[in-house]
Amino acid sequence: MSNPQPRLAVTTGRVEREGQRALVEHLAAELGVPIVERRERSTLRIIEAEGLEALVVVNNERLHYIDSTGEPFFWHPNMAVVRIGAVRVHGREDLLARACDLRPGDRVLDATLGLGADAIVASWHVGPSGAVVGLEASPVIACLVRHGLATYEHRLAPVLRNISVITGNHTGVWHDDAFFEPGFEVIYFDPMFEQPIGSSSGLAGLRPLACYDRPDAEVLAAARARAKRRVVVKGRAVDPWLQDLQPDRWVQGRHRRLAYAVFETDRGE
């Protein structure tokens with residue numbers, strides 16, 4: 001399960017610009033948290049004075065998540081851009097695409113979205129005729145990623161915009177027939193929250209919000225019953241929990257630090 005949401009509020013930038021107020025009100029309603037007035041205060045001063053653990057700050061076109069360390073986080077595509085460039089420019093195969101057997105027009109469910117790097121890579125591979133849906137258990141992370149995908153300006157913007165973010169844990173969808181209409185060729189799990197803490201102190205502030213639940217045999221069975229082609233779980237081949245799921249095959253890179261456990265569906269579509 002995801003960790004409890006911190007004591008949180010939404011505020012504007014130090015200088016409130018046109019359009020910020022409407023977004024602040026929208027985010028406060030989405031997250032179910034109060035709005036605090038900036039009144040020229042620093043974010044750390046607001047966190048301390050209001051008894052908060054973190055703030056979401058609407059600053060120009062970006063959302064910043066700031067916890068009591070004062071280190072801001074704002075969403076960006078991260079390594080997805082590098083991975084797509086390696087395929088597009090250098091012709092290198094992406095392991096995720098191989099493990100998921102991604103094809104143009106596929107619909108992919110990323111059941112553990114996190115910050116969405118894998119979803120972006122999947123979206124590029126399935127193209128505009130396909131789609132990616134991401135489930136994220138943390139309302140805060142889902143909010144930041146949803147806004148980032150919708151507003152981040154980049155040549156990959158069409159790829160980003162082709163990802164839908166739904167707030168919720170995947171455990172609540174397996175019996176929902178409407179959710180799986182028209183269905184997904186691939187269902188994907190990455191319970192690792194991939195980015196290591198050491199590479200981004202801003203990201204470290206988000207890690208306590210993340211859901212680290214690993215898919216067990218029951219979840220895997222439910223996913224296999226729903227996926228048209230295959231289910232893929234990311235982890236390490238040496239992880240006992242992943243070995244216990246008894247995948248049909250493994251997809252690994254040269255250094256074998258990460259592994260994709262591949263589970264075929266009975267339908268073979």
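Which element gives the largest share of the lining of the largest cavity? The legends below begin with that cavity.

This is a predicted model, in which local features need pLDDT of at least 70 and side-chain atom pairs count only at pLDDT 80 or more, while totals for chains, interfaces and linings use all residues. Residues are numbered from 1 along each chain as its sequence is written, and side-chain values use heavy atoms, with hydrogens and water left out.

**Figure 1. The largest cavity and its lining.** Helix H5 supplies the largest share of the lining, three residues. A cavity is a set of points on a 1 Å grid over the protein atoms alone where a 1.4 Å probe fits but cannot get out, and lining residues have an atom within 4 Å of a point. The count is one cavity of 30 Å³ or more, and the largest cavity has a volume of about 50 Å³. Grid points are joined across faces, edges and corners, and the volume is the space filled by probe spheres set on the points. The lining consists of Leu96, Cys100, Val108, Asp110, Asp118, Ala119, Ala122, Val132 and Tyr188. Helix H4 (95-100), strand S5 (107-110) and helix H5 (117-126) are the elements that give two or more residues to this lining. Helices (H or I, at least four residues) and strands (E, at least two) are DSSP runs, numbered from the N terminus. By class, the lining has seven nonpolar residues, no polar ones and two charged ones. Here Ala, Val, Leu, Ile, Met, Phe, Trp, Tyr, Cys and Pro count as nonpolar, Asp, Glu, Lys and Arg as charged, and the others, Gly among them, as polar.

**Figure 2. His125 in helix H5.** His125 is placed in helix H5 and is buried, at a relative accessible area of 18%. Buried means under 20% relative accessible area, exposed over 50%, and partly exposed in between (1.4 Å probe, protein chains only). A polar atom of the His125 side chain lies 2.9 Å from the backbone oxygen of Val121.

**Figure 3. The nonpolar cores.** A nonpolar core is a set of buried Ala, Val, Leu, Ile, Met, Phe, Trp, Tyr and Cys residues joined through side-chain atoms within 4.5 Å. The largest has 52 residues, of which Tyr65 and Ile120 touch the most other members. Helix H6 (residues 139-151) gives the most to this core, with seven residues. A second, separate core has 22 residues, including Leu135, Val173, Leu220 and Ala261.

**Figure 4. Cys143 and Cys211.** The structure holds zero disulfides, a disulfide being a pair of cysteine sulfur atoms within 2.5 Å. Cys143 is in no disulfide, and its nearest cysteine sulfur, that of Cys211, is 18 Å away. Cys211 is likewise in no disulfide, with the sulfur of Cys143 as the nearest. Cys143 is buried, with a relative accessible area of 3%.

Figure 5. Glu181 and Pro182 are joined by a cis peptide bond with omega of about 15 degrees. Pro182 lies in the loop between strand S7 (163-167) and strand S8 (184-189). Glu40 is not a glycine, yet has a positive phi of about 65 degrees. Glu40 sits in the loop between helix H1 (20-31) and helix H2 (43-49) and counts as exposed, at 54% relative accessibility. Asp101, also not a glycine, has a positive phi of about 50 degrees. The loop between H4 and S5 holds Asp101, which is partly exposed at a relative accessible area of 25%.

Methods: 1 Å grid on protein atoms, 1.4 Å probe; cavity = no way out; pocket = protein on both sides within 12 Å on 5 of 7 lines; lining within 4 Å. Polar contact = N/O pair within 3.5 Å; in protein donor to acceptor, adjacent residues only side chain to side chain.
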